Amino acid sequence: MVVRDDTLSDNTMSVLLLIIQCAVVIANRPSEVTETTVVVKNMLVSECFAYPVQIFAFPDNFANDGLDSVSFEKWGDNLPEGHSVADLSYGVMDEGQVLSMPARTRRSHKDHGSGRTGVFRVTSTVGEESQDIFAIVNPDSELRPAGPPTYTINSDENVDLEVIYDYPGEISWSLDGRIIQEWRGQLKINVDQEGIYQAFSRKLGRDSSITYCVIKRACPAGMYGPPDCTGECVPCFKGECDDQDGTCVCAPGVTGENCGTPQDGFGTTGDLLCEKNGISNPGCSGILFCRRRPYGCSCMINRGGHDCKECVNDLSTALVCEDGDLRLSCCPGTFIDVQNALYGRDIGPSVCNDPDIQTTNCRASSSLTKVWEECQTKSKCVISASNSVFGDPCGTTYKFLRVEYKCSQNLRETVCEGEQLTLDCPTGKYINILSALFGRMEGAEVCPNAAVSDTDCRASTSLNRVQEACQTRFTCAITATSAVFGGDPCPGTFKYLQVGYKCSPNLRNIACEGEQLTLRCPTGKYIHILSASYGRMEGAEVCPHASISNTDCTASTSLTKVREECQAMSTCAITPSAALFGEDPCPGTFKYLQVEYECSELLYNLVCEGTTLTLNCPAGRNIQIASALFGRLTGAEICPHAAVSDINCAAASSISDVQAVCEPEMSTCSILASGTVFGDPCPGTFKYLEVSYRCV
């Protein structure tokens, strides 16, 4: 590694020791009294500096009357001009402080609002004890981070750091303020040292640097107690094991000895809320949380992305000890999808330690079923880890409840054979069936029964039967019986019905080759086809058949033909066949038709160039044009033709020309899709006319 010492400024040199403390043990190790969470609001700073940046220091508990002091420092520079530090006085939280760094306005001094990105050290002190936590604020510019601001690695590990930028040759990297020559021109570097890494563009300047902090534990994974590292860490489900004492430092939004108990808020007890305490940001969207070493900084659980605003659906593990309540939650717009559950014990005293542990091999048979009943498809749920809920699988052993789940936009429901499955969607959204299985693909953990001999069986009619009963409805019910699904796929085996779906304004329907596909919308709404594919893009999980040799074929006429049959109708039926679509995209392969559509208050119509487009409204209602396009904004999937060279053209007069013919007070009208009517926006390209309208 080549280091250029001459790139260090005097200012940087004077604070070099401060940055290195990001990854080393602070001399005065914090006790529980001084445990602090640092919160960064507006964690990405745009070039226009439109919003102030605030860094909050929250003591996680209030022993000894809170903190004696909190201080803020910036690595390599002074705190920005116009900054202020104030006490927090929000409810019980009255011992912390907040650093505010102002936004830039048109009348501001040229330096006002700058200097708000980089690394900030927050030091909290009680008596002789202090704790340092480092917060990172990155710019929101052309140069963007490709990962979280901090990484924790073990003593024998390394990590990739990456930035996103269109001009790799302009990129330089520094480690603890020193330029590393061998990394010049690289978007991704692999490192194994702790410290502060910064990537910057010579074009954008150092103010647009992207900062990463790498924290390196002194021991291998799962171990603590350097230099020998002979101690074994307790499991940390959502957190990092402290390499000094083996305890868990939890991610924001989880608590407990094993960092497995989700909470609505952050902090040691989870009772500090983003909606309050001066943050005023529901759901903790766009908020960065920083905790003591070796954890670093991250988004709230179930949040992700470089700005902490994305909902993530990674598999999560939540755990609570016996007689506690387990809270599961997902960010707005996503729903709990339970993958597995255990009430009992399958591990020793490292989880929910207690003198009464007689066995590590017990599980309540109702574990998954009970958690499904209470939590599946909800955005939030609470379930008690108690014998009264699950029964007692091992009476003399102290138990726990562990749940594996995802936060998903797609929902899943399961009922056992003979039971009725009910699906519901909120007002304004419709059931969109994604998958269905009547049979059994799992063991006795799903719908436990003595008769589980076949775990690889599925009724071939599963998807079609569920779509017939539920697709496009607000609510529906279907019974899991062989009679409903046209036969018994595995006689002698106790089966279940499992359905994957989402609540969406956009709907999807699938019909196997030769079967009828039906699209429908509620009264007052009309079918608008978004996409269509006749062929096969998936394996035997969709329309199972012995003849599946090609899983990458689609008829070029798919979208055009489906729109001809169904566009702007309230209901339609179409039977997929090679004859209908005018071609067989993959001879010898059993195909299907997949259509995505929405139910809209607008009517849509489309015709190819040279064809007359006709709009119709019921008697007593008149056409009102919402949009019109004569030209081409898509490839050959709409109005296929050899002459499709320009897919970014539209006649400027499109909407006015259609309005002139169809408004006002017309219940029906016709207009030719031709350059003689609209002019030719892209000579040599085969065009189409697309119009959306209302009947008023």
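Some ground rules. Residues are numbered from 1 along each chain as its sequence is written, and side-chain values use heavy atoms, with hydrogens and water left out. Because the model is predicted, local features need pLDDT of at least 70 and side-chain atom pairs count only at pLDDT 80 or more, while totals for chains, interfaces and linings use all residues.

Let's start with the sheet. Helices (H or I, at least four residues) and strands (E, at least two) are DSSP runs, numbered from the N terminus. Two strands pair if DSSP finds at least two bridges between them. Our sheet is open and has 4 strands. The order is E28-E33-E30-E31, and the pairing is antiparallel. At the edges sit strand E28 (316-321) and strand E31 (362-363), each pairing on one side only.

Now look at strand E33, residues 400-408.

How many residues of E33 are buried? Buried means under 20% relative accessible area, exposed means over 50%, and partly exposed is in between, with a 1.4 Å probe and protein chains only. The count is 7 of the 9, so E33 is largely enclosed by the rest of the structure.

What packs on this sheet? Helix H3, residues 367-375, touches E30, E31 and E33. Contact here means heavy atoms within 4.5 Å. The direction of H3 makes about 145° with that of E30. For such angles, axes are lines fitted to C-alpha atoms, for helices over the stretch in contact, and angles run from 0 to 180 degrees between N-to-C directions.

On to disulfides. A disulfide is a pair of cysteine sulfur atoms within 2.5 Å. The whole structure holds 20 of them. Here are some examples.

Cys375 is joined to Cys381, S to S 2.1 Å. Both Cys375 and Cys381 are buried. Their link is right-handed, with 90° about the S-S bond.

Cys470 is joined to Cys476, S to S 2.0 Å. This link is also right-handed, at 90° about the S-S bond. Cys470 counts as buried at 0% relative accessibility. Cys476 is buried too, at 7%.

Then Cys219 and Cys229, with sulfur atoms 2.1 Å apart. Their S-S torsion is about -80°, so this disulfide is left-handed. Cys219 lies in the loop between strand E17 (205-216) and strand E18 (223-224), and Cys229 in the loop between E18 and strand E19 (231-232). Both cysteines are buried.

Last stop, the second largest pocket. A pocket, on a 1 Å grid over the protein atoms alone, is an open set of points where a 1.4 Å probe fits, with protein on both sides within 12 Å along at least five of seven lines; lining residues have an atom within 4 Å of a point. This one has a volume of about 580 Å³. Grid points are joined across faces, edges and corners, and the volume is the space filled by probe spheres set on the points. The lining has 33 residues, and Pro148, Tyr295, Cys297, Ser298 and Cys299 lie nearest the centre. Among the strands supplying at least two lining residues each are E9 (129-140) and E25 (296-298).
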